[in-house]
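Here are my notes for your read-through. Please check each point against the coordinates.

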Amino acid sequence: MQITDTPLRVTLVVGSNRHGRFGPVVADWLLDRMRDRDDLVTEVVDVADTDLPTSLARTPETTAALADISPKLAGADAFVVLTPEYNHSYPAGLKNLIDWHYTEWQAKPVALASYGGISGGLRAVEHLRHVFAELHAVTMRDTVSFDHARGAFDDNGKLLDPSGPDAAAKTMLDQLVWWGTGLREARQKRPYGA
């Protein structure tokens with residue numbers, strides 16, 4: 001099997017740990033779109049399920065705290081980062097997860113999905129683009145965004161009108177596969193920074 005025939009390993013990062021968060025509903029919808037594709041294999045890192053250290057000092061305790069998360073990020077070929085918008089930006093828990101890692105993001109593509117009020121989380125997405133550029137990651141141009149997200153889904157987590165979001169997700173994931181496959185091949189031929 002050629003490397004281009006191997007499914008892309010994509011880690012979905014659920015970026016909110018706030019009590020009563022809406023993220024799992026959007027994450028489940030995204031995962032359904034991702035799992036419908038033969039060219040993706042998915043894994044999830046949920047900030048709410050992690051106990052990230054608050055100090056950036058590297059100690060045996062912090063290394064142990066990251067033992068479950070870091071391999072999931074390192075083993076990914078690409079990422080989908082799902083973020084709400086809090087105060088015109090993204091949540092502190094997501095920032096903490098990102099900041100604890102560096103090489104895990106390098107030379108990999110990151111698709112950004114968001115939800116929120118009137119802006120649909122797009123201000124958080126724009127902030128994340130700067131952060132991932134600093135980490136030598138490539139963000140996808142197209143996103144999936146839900147303004148007034150709670151009103152877009154029914155009580156069972158189904159979209160009331162899936163046509164626009166489904167099309168946006170397909171475009172975003174197509175871009176992620178293109179970049180992810182190309183960057184995976186490049187990293188195997190020549191490690192990044194070599």
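1. Start with Asp174. Its relative accessibility is 30%, so Asp174 counts as partly exposed. The model is predicted, so please read every value here as computed from it.

2. Which residue does Asp174 pair with? The partner is Arg37, and the salt bridge brings the closest N and O atoms to 2.9 Å. Asp174 sits in helix 7, whereas Arg37 belongs to the loop between helix 1 and strand 2; the pair therefore ties together parts 137 residues apart in sequence.

3. Is Arg37 buried or exposed? Arg37 counts as buried, because its relative accessibility of 18% falls under the 20% cut-off.

4. Asp166 forms a salt bridge with Arg33, with 3.5 Å between the closest N and O atoms.

5. Asp166 has 29% relative accessibility. Arg33 has 21%, and the buried class needs a value under 20%.

6. Glu126 and Arg129 meet through their side chains in a salt bridge, 3.2 Å from N to O. The two are three residues apart in helix 5, so about one helical turn separates them. Glu126 is partly exposed at 41% relative accessibility. Arg129 is buried, with a relative accessible area of 18%.

7. Some salt bridges share partners. These join Arg9, Asp77, Arg184 and Arg187 into one network. In total, the structure holds 11 salt bridges. As background, side chains of opposite charge can pair when their charged atoms come close.

8. Which residues of helix 4 are buried? In this helix, residues 92-99, they are Gly93, Leu94, Asn96, Leu97 and Ile98.

9. What do the buried residues of helix 4 pack against? Three strands are on the list: strand 1 (8-14), strand 2 (40-46) and strand 3 (78-84). Helix 3 (70-74) and helix 5 (122-134) complete it. Helix 5 also holds the Glu126 and Arg129 pair.

Key
Residues numbered from 1 in each chain as written. Predicted model: local features only at pLDDT ≥ 70, side-chain atom pairs only at ≥ 80, totals over all residues. Heavy atoms only, no water. Buried < 20%, exposed > 50% of the residue type's maximum accessible area, 1.4 Å probe, protein only. Helix = DSSP H or I, 4+ residues; strand = E, 2+ residues; numbered from the N terminus. Contact = heavy atoms within 4.5 Å. Salt bridge = Lys/Arg side-chain N within 4 Å of Asp/Glu carboxyl O.
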